[in-house]
Amino acid sequence: MNLAANTVQAASNVRADVKEQVTEGVTTLGQFNDFLLNYAPDIIAAIIIFIIGRYIAGFIKKVAIRMMTHANYDHTVITFVSQIIYYALMAIVLLSALNKLGIPTNSFLAAFGAFGLAVGLALQGNLSNFASGLLILIFKPFRAGDWIAVGGVEGSVKGIQMLNTAITTKDNKTVFIPNSTITTSQVSNSSYQTERYITFLFDIGYNNDHHKAIDLLKQIFKEEPRVLNADDLEIGIKEFGDNSVRIAAYPKVAKADYLPVFYDVMSKVKDTFDANGIDIPYPQRVVYIQKPDESES
């Protein structure tokens with residue numbers, strides 16, 4: 001009797017356990033179904049937002065690269081700026097996807113803001129140079145290869161970098177000038193125009209015939225084939241100096257001929273003035289020595 005009773009009790013316990021497991025399984029399945037019904041649309045929407053947003057960010061990055069390449073920007077600048085654009089857009093996409101899932105993003109935004117503020121305070125000088133570099137790239141007051149003068153430095157622009165601009169001087173030194181210094185200083189670009197005027201100043205003595213000197217200068221410029229405005233050259237007396245009469249002339253040449261014409265003309269003027277008796281005066285001082293009156297002694 002006891003054996004039968006125990007068997008019946010065990011069977012009853014097994015049935016109870018199976019029923020409980022089945023009930024728990026049904027409950028879990030129901031909860032899962034409820035979860036899918038409640039959250040599946042948001043999950044799917046978040047995934048779609050991420051996929052589409054990533055595609056749009058990549059497309060905008062390619063467009064930015066194409067535009068900067070067409071504008072002849074430096075390769076380093078193109079890579080750096082395009083990466084910044086891409087990751088900034090991806091951050092917006094990620095925050096939008098998280099927000100769609102119901103995850104609060106205010107804490108993320110606050111953390112990013114605090115981090116950005118700390119970085120900005122620590123690197124404010126570099127950020128100023130970076131922003132100035134972007135302004136140079138956008139407005140393009142000069143490009144790589146241009147001959148410029150800024151901050152007492154004159155030379156050829158070797159490259160425009162994120163924080164500074166490299167300039168190669170006449171004696172083959174490379175000078176790195178902070179971009180913020182360039183945007184707040186006067187920049188002289190000698191390569192901006194295809195043609196340039198050379199400013200010549202020739203001093204002759206007061207005892208020389210300035211008409212003859214001007215005629216000789218006109219003849220020199222007419223014989224120089226690289227001068228583009230020899231027929232209507234602007235030339236005349238600019239001022240009367242302490243020791244000389246100063247004659248100014250403004251020949252126009254192609255920018256590539258600027259220095260060769262300058263050196264050649266200066267040499268020809270010296271030879272011509274010497275051959276025609278035109279003095280090139282040097283600074284002089286006249287000292288009068290007055291003897292003391294001996295009658296008073």
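User: What share of the contacts in the protein chain between residues at least 6 apart in sequence join residues at least 24 apart?

Analyst: The share is 61%, where contact means heavy atoms within 4.5 Å. The model is a predicted one, in which local features need pLDDT of at least 70, side-chain atom pairs count only at pLDDT 80 or more, and totals for chains, interfaces and linings use all residues. Residues are numbered from 1 along each chain as its sequence is written, and side-chain values use heavy atoms, with hydrogens and water left out.

User: Why is Ser-132 called buried?

Analyst: Buried means under 20% relative accessible area, exposed means over 50%, and partly exposed lies in between (1.4 Å probe, protein chains only). Ser-132 has a relative accessible area of 6%, and is therefore buried. Ser-132 belongs to helix α4 (residues 124-139). Not counting residues up to four places away in sequence, Ser-132 touches Asn-179, Ser-180 and Thr-183.

User: What makes the pair formed by Ser-128 and Ser-132 a polar contact?

Analyst: A polar contact is a pair of N or O atoms within 3.5 Å; within protein, one must be able to donate a hydrogen and the other to accept it, and residues adjacent in sequence count only if both atoms are side-chain atoms. The backbone oxygen of Ser-128 lies 2.9 Å from a polar atom of the Ser-132 side chain.

User: How does the span of α6 compare with the expected one?

Analyst: The expected span is 1.5 Å times one less than the number of residues. Helix α6 (residues 210-223) has 14 residues and reaches 20 Å from first C-alpha to last, close to the expected 20 Å. Helices are DSSP runs of H or I with at least four residues, strands are runs of E with at least two, and both are numbered from the N terminus.

User: Which residues of α6 are buried, and what covers them?

Analyst: The buried residues of α6 are Ala-213, Ile-214, Leu-216, Leu-217, Ile-220 and Phe-221. They cover an arc of only 160° around the axis, which puts them on the same side of α6; the arc is that of the directions from the helix axis to the C-beta atoms. Their cover includes β7 (200-204), β8 (234-240), β9 (245-250) and α7 (258-275). The face turned away from that buried side carries the exposed residues Lys-222 and Glu-223.

User: What makes β2 and β3 a pair?

Analyst: Two strands pair if DSSP finds at least two bridges between them. Five bridges join β2 (residues 153-160) to β3 (residues 164-169), and these strands run antiparallel.
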